[in-house]
Amino acid sequence: MTSREKVFQAESKAKAADLKHRAIINRVLKQSDDAFRKGKEQFSDLEKARRHAANVKSDTIARLDYYLLEFESNFTKAGGKVIWAENAQQALDAIGEICAGKCASVVVKSKSMVTEEIHLNSFLSERGIDVVETDLGEYIQQLAGEPPYHIVAPSMHKSKEEVARLFHEKLNAPPGLTPEELTLVAREKLRQKFREAEVGITGANFLLADIGGVAITENEGNARLTTSFPRVHIVVTGIEKMLPSVKDLGLFWPLLATHGSGQKIAVYNSVFTGPRKQGEVDGPEEMYVILLDNGRTGILADPVARESLHCIRCGACLNVCPVYKNIGGHTYRATYSGPIGSVITPYLRGMKENKHLSYASSLCGACTEVCPVGINLHGLLLYNRRSAISGHHGSVFEKAAWKGWKMVSSDRRLLDAVGGKTKNFVINRLFSAQWGDHRKLPVFAGKSFSRQWKEKMNQDNAGK
Amino acid sequence: MDNSSTRKNILKKIREALTAPSVRLLPESSDGLFYRKDDRSLLDRFCTEFAAIDGKLEVCREKDDFHKKLSEIRNENGWQHLYCSTASFRTDFGLDALPFTGGEVPESASAVITGCECLVARTGTIVLSSAQEYGRALTVYTPVHIVVASADQLVEDIGDGISKIVRRYGRKLPSALFFASGPSRTGDIEKTLVKGVHGPVQVYLFLFAANGDYVTDQPGYQSKIIEL
Ligand code: SF4
């Protein structure tokens with residue numbers, strides 16, 4: 001067991017027994033579920049919509065180089081600048097350079113998981129830049145000094161009392177405020193920041209090849225403000241966020257809204273095609289798109305795992321996952337949690353150290369069933385288990401044990417050579433650690449079925 | 001910042017990766033019809049949807065209608081500083097509103113009146129673009145957004161709104177397009193719905209429907225094509 005796995009096991013155990021955590025997560029996810037049920041009603045045939053979306057994504061991913069170049073060419077024509085980054089460091093350096101060039105002291109950010117992936121906030125803070133999260137959930141997490149708990153709802157696990165306490169401690173807000181009042185406090189604090197900031201940083205929900213556009217979905221309006229006031233707009237995005245055309249949004253926006261938050265459509269869906277144009281009254285003077293690889297081409301190189309690049313980060317698979325519900329988002333200790341996180345983290349951060357995440361699943365298939373772009377999530381978790389073992393990341397002991405099991409169980413004579421007691425003893429010694437404390441190992445009968453059958457037949461024959 | 005070798009490396013990795021064809025081929029689709037049918041008129045559907053997302057709608061027949069309703073609402077809410085970005089609204093409607101012609105977004109504005117690109121019936125969406133006089137920030141920073149539009153700006157769905165914009169601007173798209181559906185909202189604190197987190201707390205739409213003076217000649221609707 002790697003040390004990461006040990007930590008994961010221990011933290012999972014603790015979280016699963018934390019009743020307060022369970023109560024709040026169950027309540028919140030129940031609401032998500034109700035909203036999702038309602039949001040789904042807008043589709044006449046959701047299966048058809050999902051199939052179409054999956055087709056569009058797999059076609060796009062299959063020609064990713066072509067679409068990236070088309071995007072680059074169109075975006076550049078409109079006055080934007082594309083920066084390619086193979087890893088987190090290159091992306092950070094590029095952002096650092098832009099911020100230094102503008103002598104930026106305040107940077108506003110709208111919600112983006114990719115910037116979490118590259119740990120942008122600590123990078124900028126170390127350079128003396130005041131970097132401010134402006135999505136309410138992210139703002140709460142930043143005040144608390146915690147990473148997001150959920151890819152769509154970052155502060156989902158916090159009760160309103162906890163948030164009120166946090167605002168009281170960190171922002172000097174009066175104690176015991178309601179969610180409405182807390183929201184107002186954040187609104188006032190952040191409005192000032194939007195005006196002060198020299199640089200605004202966002203993620204992207206979709207890249208649009210045909211118009212060189214970046215589509216951003218949100219409900220609060222913070223992404224719109226982040227892209228309106230500062231003189232520079234930087235988009236940080238994974239290369240897989242591509243769609244061939246702006247016209248694909250007619251399906252992908254409602255799909256994302258329904259699966260992300262149970263809405264028909266999110267409040268603000270924006271498309272940015274470049275910096276402010278001549279004749280426009282406002283907007284940034286410069287716009288950059290950083291196209292990040294950071295392990296994604298590794299996923300692409302595996303023809304089976306490739307489909308995990310279809311992901312539109314809606315969070316639906318987290319919401320329905322029994323494991324996520326029990327152990328919570330932080331226990332994964334990965335930027336992307338839940339089923340999709342368990343699938344891609346081993347590719348992004350190393351199979352050996354993260355292969356245990358492939359087992360963080362009951363294989364119930366709820367994730368696969370809900371995914372709007374048809375990713376075979378639980379199938380991929382199984383696939384990763386196999387890859388981890390055949391890639392020699394399994395333990396020597398485990399491999400030897402299974403080898404022994406295979407040899408004995410496929411040979412009737414060997415299997416019947418000893419009685420049930422001995423079998424139970426051996427199996428217990430070999431597998432009880434992996435089987436875990438919470439389920440019983442199957443028990444061998446004193447005599448095998450084959451033995452009993454033979455004996456019965458003999459008796460019957462003798463009786464005739 | 002010379003980025004060419006990084007670019008080359010990534011493209012090379014992608015091309016090498018893609019030499020292995022994808023395993024899981026999905027069946028081909030589709031006729032592109034994904035949403036539940038609704039036989040009511042565009043106007044009726046827009047009204048229902050817009051109300052469902054907490055938009056406030058006033059359907060107007062005449063200029064006088066608009067004047068009367070607007071001043072009622074204005075008095076009710078006690079808006080001190082009403083801004084309007086569309087010059088022709090101010091002259092044609094004789095609006096008592098301050099002009100916005102770019103530059104700093106006024107901190108003191110209590111409400112702002114603008115036109116829009118089009119309206120989406122299926123989702124109750126107001127489509128805005130940075131090419132119009134109101135630009136990017138004004139309509140999201142001001143606490144109340146009031147839109148004046150006419151019924152012939154209605155389109156069926158999001159995709160039709162996109163097509164309309166693409167037809168109007170061609171390859172010279174505005175630098176930003178906004179599909180705004182109701183007031184700003186958040187559910188980030190225990191999923192409690194709170195309106196007006198960063199964007200407007202209230203969104204009003206004055207919609208001129210049939211018989212009005214401004215049905216086909218709606219001032220806010222005059223396109224302003226930006227030349228590169
Ligand atoms: S894997 Fe599917 S369900 Fe999970 S976040 Fe991605 S798109 Fe949503």
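What follows is a chat about the domains, sheets, helix packing and ligand shell of a predicted model.

Student: Which domains does chain A have?
Tutor: The domain assignment gives three stretches of interest: domain 1 covers 1–42 + 311–394, domain 2 covers 46–294, and domain 3 covers 405–462.

Student: And how far apart are the centres of domain 2 and domain 3 of chain A?
Tutor: Taken over C-alpha atoms, the centres of domain 2 of chain A and domain 3 of chain A are separated by 58 Å.

Student: Switching to the ligand. Which residues are around it?
Tutor: The residues around the ligand include Cys311(A), Cys314(A), Cys317(A) and Cys371(A).

Student: Now the sheets. What is the strand order in the open sheet of 8 strands?
Tutor: The order is E8(A)-E5(A)-E6(A)-E9(A)-E9(B)-E6(B)-E5(B)-E8(B), and the pairing is mixed.

Student: Which strands sit at the edges there?
Tutor: Strand E8 (242–243) of chain A and strand E8 (154–155) of chain B; each pairs on one side only.

Student: Pick the pair E6 and E9 of chain B. Parallel or antiparallel?
Tutor: Antiparallel: strand E6 (residues 125–129) and strand E9 (residues 176–180) of chain B pair over 4 bridges. Within that pair, Ile126(B) has Ala180(B) in E9(B) as its bridge partner.

Student: Which helix of chain A lies across strands of this sheet, at about 175 degrees to E5(A)?
Tutor: Helix H12 (residues 249–261) of chain A. The strands under H12(A) are E5 (206–208), E6 (213–218), E8 and E9 (268–272) of chain A, together with E9 of chain B.

Student: What does H12(A) pack against among the helices?
Tutor: Helix H3 (residues 46–62) of chain A packs with H12(A) at an angle of about 115 degrees, with the axes 11 Å apart. The crossing is left-handed.

Student: Which residues make that contact?
Tutor: From H3(A), Leu46(A), Ala49(A), His52(A), Ala53(A), Val56(A) and Lys57(A); from H12(A), Leu251(A), Phe252(A), Leu255(A) and His259(A). By class, the contact of H3(A) with H12(A) has 7 nonpolar, 2 polar and 1 charged residues.

Student: And H9 with H10 in chain A, at what angle do they pack?
Tutor: About 35 degrees, with the axes of H9 (residues 160–171) and H10 (residues 179–196) 10 Å apart. Among the contact residues are Val163(A) and Phe167(A) of H9(A), and Leu182(A) and Val185(A) of H10(A). The residues of this contact divide into 8 nonpolar, no polar and 2 charged.

Student: Back to chain B. What is the order in its open sheet of 6 strands?
Tutor: The order is E1-E12-E7-E4-E2-E3, with parallel pairing.

Student: Why is one side of E1 and of E3 left without a neighbour?
Tutor: Strand E1 (56–60) and strand E3 (98–99) of chain B stand at the edges with a single partner strand each, so one side of each has no neighbour in the sheet.

Student: How many bridges between E7 and E12 of chain B?
Tutor: Strand E7 (residues 144–150) and strand E12 (residues 202–208) pair over 7 bridges in the parallel sense, and Ala149(B) has Leu207(B) in E12(B) as its bridge partner.

Methods: Residues numbered from 1 in each chain as written. Chains lettered and ligands numbered in written order. Predicted model: local features only at pLDDT ≥ 70, side-chain atom pairs only at ≥ 80, totals over all residues. Heavy atoms only, no water. Domains from an automatic or database assignment. Near = heavy atom within 4 Å. Pairing = 2+ DSSP bridges. Helix = DSSP H or I, 4+ residues; strand = E, 2+ residues; numbered from the N terminus. Contact = heavy atoms within 4.5 Å. Axes fitted to C-alpha atoms, helices over the stretch in contact; angles between N-to-C directions. Nonpolar A, V, L, I, M, F, W, Y, C, P; charged D, E, K, R; others polar. Left-handed = near helix turned anticlockwise from the far one by under 90°.
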